[in-house]
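This report describes selected side-chain interactions. Please consult the sequence and the structure shown here before reading on.

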Amino acid sequence: MRDEHSQLSGFSAEWLALRAAADRRSRSQPLLAVLRRRVVATPARRLRILDLGAGTGSTLAAVAPLLPRPQQWTLADDEAALLRIAATGRRPSGTSVQTAAVDLADPRALPGLMDGTHVVSASALLDLTSRDWCRRLVRLMARRSGAVLYAALTYDGRIVFDPPEPFDAPLCRLFNRHQRGDKGFGAALGPAAAPELAALAAAAGAAVRTAHSDWRLGAADAALVRPMIRGWAAAAREVAPEQETAITAWAARRTAQAGEGRLRVRIGHRDVLACW
Ligand SMILES: C[S@@+](CC[C@H](N)C(=O)[O-])C[C@H]1O[C@@H](n2cnc3c(N)ncnc32)[C@H](O)[C@@H]1O
């Protein structure tokens, strides 16, 4: 299971479409305003943005309309099928897009991709990566004065259910343990990713801002919540197969509540903006 909240294989376009609306309304607007101010002050004829783990292009869709044009986006992902969708998506005029099908875990990938970019962005990616990978990213960013890193929607380990029940906390602990497994970049930072990235960037001389970008999901979001319940339960079973019965019963109760519009879930995310 590569996606933190999905049981679907890989990161399917269907799953990314399901989460796009929640992502869009959850991004920290104050942080986006700072990003915009910073970019407006950048003396660039054409703004160059590299989006890491771009998927079907939801960062571009959310951020491009806010920034001055012309813009040149490079969307990097190791799933060519997702990039094909991203390449044909709607975008504001004055925005051009190229794609790069690369494994970002390969240490040779980042330097070439980052060459000449003003902004590096990543949404819902950092929690999959490792401490070494974040350190490498920050080191490359810090080499260029004026560089901007916008890392949004990183899962931070908090899942709060309403109504609550006693098995929520054990389930969340099991899921978070799973989040620290290898997701292709070595041992994943999981819920520690956003504070770790912020600390690394500050230590490397960046002005760093962080903000919450929690998903607040309710009755209207059952189509998104149900696969997440399956994903949380599958992850919990992987790390604690001996708790199979309790996990399956919990998932059945929560799925029924979601289907009846009686479940609200808040999922903790953080946005980080680092400016050199
Ligand atoms: C949770 S999705 C987020 C996608 C998109 N940023 C969004 O917000 O909708 C994580 C993305 O990272 C990509 N990814 C994961 N591991 C990767 C790797 N090693 N190299 C390149 N892309 C990777 C996945 O294919 C997926 O598109």
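In which strand is the place of Val-272? Val-272 has its place in strand β8; strands (E, at least two residues) and helices (H or I, at least four) are DSSP runs, numbered from the N terminus. The model is predicted, and local features need pLDDT of at least 70, side-chain atom pairs count only at pLDDT 80 or more, and totals for chains, interfaces and linings use all residues. Residues are numbered from 1 along each chain as its sequence is written, and side-chain values use heavy atoms, with hydrogens and water left out.

**Surroundings of Val-272**

With a relative accessible area of 2%, Val-272 is buried. Buried means under 20% relative accessible area, exposed means over 50%, and partly exposed lies in between (1.4 Å probe, protein chains only). Leaving aside residues up to four places away in sequence, Val-272 touches several residues, including Leu-31, Leu-149, Tyr-150, Ala-194 and Val-208; contact means heavy atoms within 4.5 Å. Ala-206 is 66 residues from Val-272 along the chain, and the C-alpha atoms of the two are separated by 11 Å.

**Salt bridges**

| Asp-156 | Arg-270 | 3.2 Å |

The salt bridge between Asp-156 and Arg-270 joins strand β5 (residues 148-162) to strand β8 (residues 264-275), so the pair ties together parts that are 114 residues apart in sequence. Asp-156 counts as buried because its relative accessibility is 12%, whereas Arg-270, at 25%, counts as partly exposed.

Asp-162 is partly exposed, its relative accessible area being 32%.

Asp-168 and Arg-254 are both buried.

**Aromatic pairs**

A pair of aromatic rings is described by the distance of the centres and the angle of the planes. The search of the whole structure finds 5 aromatic pairs. Rings of Phe, Tyr and Trp (its six-membered ring) pair if their centres lie within 6.5 Å; planes under 30 degrees apart count as stacked, over 60 as edge-to-face and the rest as tilted.

One of these pairs is formed by Trp-133 and Phe-185, which are edge-to-face at 5.4 Å centre to centre, with 75° between the planes. This pair links distant parts of the chain: Trp-133 is in helix α6 (residues 131-142) and Phe-185 in the loop between α7 and α8 (193-203), 52 residues apart. Both Trp-133 and Phe-185 are buried.

Phe-161 and Trp-250 also form an edge-to-face pair, at 5.4 Å centre to centre and 85° between the planes. Here strand β5, which holds Phe-161, is linked to helix α10, which holds Trp-250, and the two residues are 89 residues apart. Phe-161 is buried, as is Trp-250. Ring pairs link Phe-161 and Trp-250 with Tyr-155, Phe-175 and Trp-232 into a cluster.

Note on methods:
Salt bridge = Lys/Arg side-chain N within 4 Å of Asp/Glu carboxyl O.
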